[in-house]
Amino acid sequence: MALTARGSRDTDGALTLDAFALDTRALQVAGRANLNSDAWPTLLDIEGTLADPDGTTVRLPSDTRIARASIAIDFDADQSDALVARINAAGVEQTDATVDEMALRFDGTLSGAVGAIGALSGRVNVDASGVDLSDPALSRAVGSALSGGFDIAYADDAPLVLTDLSLASAAWALSGQAQVNGFDKGFETQFDTALVTQDLSAFAGLAGLELSGAGDLSLSGTAALGGFFDVEVRGQTRELALGVAQADTLLAGQTDLVLAARRDTTGTFVDRLILENPALELTASADLRTGGSVARFNAALADIGQLTEAVEGPLTVDGTATQSGEVWDIAAGLTGPLGSTATGTARVAPDGTEVALEAVVGDLSPIVPQIDGGVQLTATAEQVDGAWQFGSTIDGPAETRAEVTGAFDGTDLTARYDVAVPTISAFAPGVPGAATLNGDVAQTADGWAFDAQVTGPYDSAGTVSGTYTASLDTDFNLRLPNVAAVAPGVNGPLALDGTLSQTADGWEVITDVAGPYSSSGRVSASLRDGVLGAGYALTLPNVAALVPGLAGSMTVNGTAQQEGADYDIIARVAGPSGTTATTTGRVQADGTLNLNARGQAQLGLANAFIAPRTIIGTADFDLSVNGPPALSSVSGEISTRGAQVATPSLPVSISDLSGTANLSDGQAVLDFTGAIAEGGSVGISGPITLSGNFPAQLDVSLNAVTLRDPRLYNTTVDGQVDLRGPLTGGAAISGQINLGETDVRVPSSGISTFGSVPNITHIGATRPVMRTRERAGLVQTDDQSTTGSAYPLDVLINAPNRIFVRGRGIDAEMGGQLRLSGTTADMISTGQFDLIRGRIDILTKRFELSEGRVSLQGRFEPYLRLVAETPTSTGSARLVVDGPADDPEVTFESTPAAPQDQVLAQIFFGRDITQLSAFQALQLASAVATIAGQGGEGIVSRLRGSFALDDLDVTSDDEGNTAVRAGKYISDNVYTDVTVGGPDGPEVSLNIDLTPNVTARGTVAADANTGIGIFIERDY
């Protein structure tokens, strides 16, 4: 290092340095300088550099390193008062900041003649680039490049004035001016500055918020030594956002800020603080004096609905804080929507603190529609000698109450809570009873301990207890005496016992299950390092309790394991009679399924859902689900062999149901056949679309199906019925049903003396009795009274002949067609079965039927009308059977008109009723009993059934000639009968139905006489 200097000092104190130089390894400074007797410069000519020859940075005493720097100052009062100074630096490094390049420039004037006032004025400009701060948030706010400057004016005994102040980066710009007075005025500073930013996101890191938007801020006022100040801050933000949805809603648009504060010898005063925009208004003020401070605030939201969709309306909060000596009294109030109000008070004193709070929400229904009423909260807390005692009570709708009490001594906390809900149905409609929850929480030396007891509806109860030290360990149990209350049809208790534990890498829960019918199992789950896994295993010793007729045990087990965002699933079922099922695959994060299921299931498992119908048998399935959880994603096959179906509401049952259902592309294609236990078979085939209203195209075939009602009819049915359209309603039912030989019985009435059985009201009927009556269709429920979906009908019932109506002396054959149209909700029947031949036998009288028809009314009930006419001694008489087949009404008419007893006497005895003998009166009573249904089936009718004949008749005439006629259908359209005896001897006749309206008839008698004829018949 080398230092040289040459100069002189005058007697008046003036200094002259003609030359000086400082030369070190890294620093070289040289130049000359003169100062007058007032110590003001008159000559400055200085240049210097700072750089290490090997290129390493130079360390300065302030722990700053610089790669290189230069300085140049030029001033010569003899030439002019111009002063120029330049400082440049590169590679500036500090512990928390680096700057690549920076430059400081001064261009101005300097004047200071001896005896005159010295003055300095000019412009200072600064530029910096490559600015990088160690704090990323601060670095982003400052920016990587800065530029600015200010005008400076200074003179002896005058304030320092800074004007045209500017400093800017990419995100903000600072401007303003300041004046600093001298020491005699306490360096009082007057300032007026403004900060403008178009991108507040640059300050997000500093604020710790997701700031965005733009803003302006101005600060003006005075400040001096001693902490005295009088300032005003005004600001404005535009579309300010904090990354908090509720706050962002309130701060949208333009928000204005005003703060006026001052401090003097009497205290500090916030004269006004205002934050205002269309959604929010906040005002506050404070007088801070020793022992006598007062603070006030008021905040108002125009509509709290901007923060939540649950409620809407204005919200206001106001409060005061007043100091009296060492005691502070604080009060605050709130009013808001739903009739809500709240008041809070607090007193803070050296000897303790008291806090009280009361709050009311008048109406909860806008938030929770199923709850009617409000809620009220009261709470208190008191601190004495460093320990706190607290308590609170919440009263809600339906007399619901929650209470919490406790204490905190500064180290440990204990609390007791009690919750009572007397009427659960007020919150969960349909759930009866009450619920309670109570327990304790205590802070221990190692952590926390807690316990809880809960009771609920249906006599359910449970407990929870545990500790929290470094981790949480919890035991729980729940008991439900009978699950029938929540699972109708299932009876027995349910118990859950388990643990919830926090492990080193997550959570684990294990629950043992004991359920109805001695069922048991275990369910476990874990969450380790954010990966969820679960497993379960359940056993039912005997499924007969759930599926009558199916005995044996059933087990269900499986696992679910998280793989990334998806879950791998394995489930297995093993049950009685070979019931098995295995499901494997994956459930993806978006809900898409990729599963395969195969196995065999007992169809009886469905009986609980299809009662009173039942099904017995097995179904094999091999299915896949690929896609969203919808039927359209299912493909595969379901098949069954030899299943049996019982349908109490229908006159048939299926004894052998076999077939397949193939699922693909959102359709199920059915192909099933079933043997009817009563005789015949039925088949169903076609596709059903498994979405929307389930449109179908089904074909139903009937093959010699026997339909029988022991009291009314017996028939066989063939035909084809189609179902086209949506199964949920509107599908068209069409086709043709052909009736084979049909017997319609007019039954004897066992209690005709008393009439029909009246409606019976069952008092105190047991559950088995009610179940039996429901399955028999004898109980009318509200659901049955409603009208279901309607299905259009177009079904032709065809029976050209061989409909035999027998009973009560009637023996008739009919034929014809019926067409069912309209809908299943409003059925229309057109057509009827008309008389082909027939008679009525009463006592010794035979009446050939002259008119007859059978139609369907109501719920397919056969309706009869049969008319037989015979001459009498006074004119003619008619016997009319009219009404439902199971209870027809019999009337006797005559021409001329006469009472029915007179008509009967004329028909059977040809005389007035007053002329009948006692025996004839008994015969007449027997005839009435027969036609009224009291006589039962006659011997001839029983013989006809025994001989498998379609017709058997025994007649006699007035001369005592007796004849026997037997008839039989040889085929569907060929009928023959043979007559033996009678006045004309044996005879054979043959009827052939060529068309429904044309019949060929031929006869051959014992005397070889023959006859043939063509008969054309049409009803009008």
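Where is the place of Ser520? Select this residue in the viewer: Ser520 sits in strand S36, which covers residues 520-528. Keep in mind that the model is predicted.

**Stop 1: Ser520**

Ser520 has a relative accessible area of 38% and counts as partly exposed, because that class lies between the limits of 20% and 50%. Now show what surrounds the residue. Leaving aside residues up to four places away in sequence, Ser520 touches Val513, Ala514, Ala537, Leu538 and Thr539. Ser520 and Leu496 are separated by 24 residues in sequence, and their C-alpha atoms are 9.9 Å apart in space.

**Stop 2: Gln602**

Is Gln602 buried or exposed? Its relative accessibility is 9%, so Gln602 counts as buried, the cut-off for buried being under 20%. To see what is around Gln602, select its contacts: Leu550, Pro576, Ser577, Thr579, Gly617 and Thr618. That list does not count residues up to four places away in sequence.

**Stop 3**

Select Leu338, in the loop that runs between strand S23 (327-336) and strand S24 (340-349). What is the phi of Leu338? Phi is positive here, about 65°, although Leu338 is not a glycine. Most residues other than glycine have a negative phi.

Move on to Asp385. This residue lies in the loop between strand S26 (375-384) and strand S27 (387-395). Asp385 also has a positive phi, near 50°, and is not a glycine. With a relative accessible area of 77%, Asp385 is exposed, because exposed means over 50%.

**Stop 4**

Select Pro871 in strand S56, which spans residues 861-872. Pro871 has a relative accessible area of 69%, so this residue is exposed.

From Thr895, step to Pro896, in the loop between strand S58 (889-895) and helix H7 (900-909). Look at the peptide bond that joins them. The bond from Thr895 to Pro896 is cis, and its omega is near 0°. Most peptide bonds are trans.

Conventions
Residues numbered from 1 in each chain as written. Predicted model: local features only at pLDDT ≥ 70, side-chain atom pairs only at ≥ 80, totals over all residues. Heavy atoms only, no water. Helix = DSSP H or I, 4+ residues; strand = E, 2+ residues; numbered from the N terminus. Buried < 20%, exposed > 50% of the residue type's maximum accessible area, 1.4 Å probe, protein only. Contact = heavy atoms within 4.5 Å.
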